[in-house]
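Hello,

Here is the structure I promised to pass on. Please look it over first; my notes follow below it.

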Amino acid sequence: LVNRVVSHLVQAIRSKDSCFSSIERQSAGSYYERVKISEPNEFDIMLVMPVTRIQLDEADDTGAFYYVSFKRSPKEKGWLKFLEEDGKLSAFKMREALREIIKQEVKNIKDAEVTVARKKAGCPAITLQIKNHPSEISVDIILTLEAQQSWPLSTQDGLKIEQWLGKKVRRDMRFRSLYLVAKQNKSEKVLRGNTWRLSFSHIEKDMIKNHGNSKTCCESDRPKCCRKGCLKLLKYLLEQLKMKYPKELEKFCSYHVKTAFFHSCVTWPNDSEWHLGDLDHCFQQCLGFFVDCLQKSQLTHFFIPQYNLLSLEDKARHHFLSRKICHELNNGFPVFHE
């Protein structure tokens with residue numbers, strides 16, 4: 001159902017605006033990483049647009065947000081309507097144009113009931129709701145630029161996977177394209193909506209798929225590990241706690257636990273430390289690592305070491321979540337049985 005709807009939209013988007021003519025869909029998120037835990041009712045689809053010869057200027061000191069401009073005037077003149085006076089490429093204008101096309105086009109989808117959800121402040125996605133009786137599926141469509149150029153300086157000391165996946169894998173990953181998603185930077189003095197944030201979802205998907213220190217981990221007839229099981233449990237725990245305490249935990253998302261999980265893979269790089277039968281021990285180890293981060297209010301972005309994903313002004317929330325997790329840990333995870 002999701003594939004049918006998205007294919008229909010991609011064809012329409014390509015034909016409606018020459019700038020979007022080379023857009024390609026790419027799947028991201030937990031469903032496609034095979035770590036979805038509950039119903040498959042949420043999907044992330046990146047609509048990837050190749051861009052050439054772009055210049056990136058840091059928008060703040062996180063090393064994650066950038067202004068994008070073209071080094072030369074683009075051949076495709078349609079791009080000009082998305083530029084600000086100062087030549088910066090406006091994430092806001094591009095996303096709005098895409099949103100308009102999608103809003104018009106969902107009316108033409110005959111074999112499914114599709115609506116476009118209202119905008120959520122600070123959310124980079126255009127969200128579709130697809131009726132799938134008796135429930136509903138939500139699909140986040142994320143506008144993404146793809147540039148074949150070297151990663152920014154802020155990423156130089158990130159992706160510390162040498163001991164876990166090896167130097168060669170790290171080198172190969174850093175040669176992959178650079179992705180930027182249309183994302184508002186909250187710390188901008190004047191919120192113009194023209195910032196883009198680095199995205200590494202294509203690399204993350206690869207790390208989760210090929211997660212072993214030995215290259216044969218979890219292959220059909222080889223030893224199995226519990227890494228994916230740990231990630232699923234971490235995500236499930238956060239999901240359950242968020243349902244229980246929606247207000248207190250609204251700032252947390254699965255990316256926080258995913259990042260803690262990657263750091264855990266680096267801390268314990270060997271397959272022998274993740275035996276399938278040791279799931280409970282490994283899960284508690286990962287949780288311990290995450291709780292430690294919460295107590296210090298310090299969770300380093302896996303690819304951008306200067307970027308702390310836990311903002312210091314939310315210390316009280318971090319401590320709240322760490323207390324709730326410790327309660328679960330010490331009482332045999334009652335929230336899993338509720």
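First, a definition for sorting lining residues: Ala, Val, Leu, Ile, Met, Phe, Trp, Tyr, Cys and Pro count as nonpolar, Asp, Glu, Lys and Arg as charged, and the others, Gly among them, as polar.

Next, the ground rules. This is a predicted model, in which local features need pLDDT of at least 70 and side-chain atom pairs count only at pLDDT 80 or more, while totals for chains, interfaces and linings use all residues. Residues are numbered from 1 along each chain as its sequence is written, and side-chain values use heavy atoms, with hydrogens and water left out.

Cavities

A search of the whole structure finds two cavities of 30 Å³ or more. The search uses a 1 Å grid over the protein atoms alone; a cavity is a set of points where a 1.4 Å probe fits but cannot get out. A pocket is an open set with protein on both sides within 12 Å along at least five of seven lines, and lining residues have an atom within 4 Å of a point. Points are joined across faces, edges and corners, and a volume is the space filled by probe spheres set on them.

The largest cavity holds about 40 Å³. What lines the largest cavity? Leu234, Leu237, Leu238, Leu241, Val257, Leu287, Phe290 and Ile325 do. That makes eight nonpolar residues, no polar and no charged. Helix H5 (227-244) and helix H7 (279-296) each supply at least two of the lining residues. H5 gives the most, with four. Helices (H or I, at least four residues) and strands (E, at least two) are DSSP runs, numbered from the N terminus.

Second largest pocket

This pocket has a volume of about 360 Å³. Its lining has 17 residues; Thr52, Phe70, Pro74, Lys75 and Glu76 lie nearest its centre. The lining divides into seven nonpolar, five polar and five charged residues. Strand E2 (residues 42-51) gives the most to the lining, with three residues.

Domains

The domain assignment gives domain 1 (1-198) and domain 2 (215-336); such bounds come from an automatic or database assignment. Domain 1 puts 26 residues into the contact and domain 2 puts in 19, where contact means heavy atoms within 4.5 Å. Taken over C-alpha atoms, the two centres are 26 Å apart. The area buried between domain 1 and domain 2 is about 1,900 Å², with 64% from carbon and sulfur atoms. Buried area is the accessible area (1.4 Å probe) that two parts lose on being put together, summed over both.

Salt bridges

How many salt bridges cross the interface of domain 1 and domain 2? The rule finds zero. It asks for a side-chain nitrogen of Lys or Arg within 4 Å of a carboxyl oxygen of Asp or Glu. The structure as a whole holds 18. One of them joins Glu105 and Lys16, at 3.2 Å, N to O. Glu105 is in helix H2 (residues 91-105) and Lys16 in helix H1 (residues 2-16), so this pair links distant parts of the chain, 89 residues apart.

Backbone details

The peptide bond from His133 to Pro134 is cis, with omega near 5°. Pro134 lies in the loop between strand E6 (125-132) and strand E7 (135-147). Leu159 is not a glycine, yet has a positive phi of about 50°. Leu159 sits in the loop between E7 and helix H3 (167-174).

Best wishes
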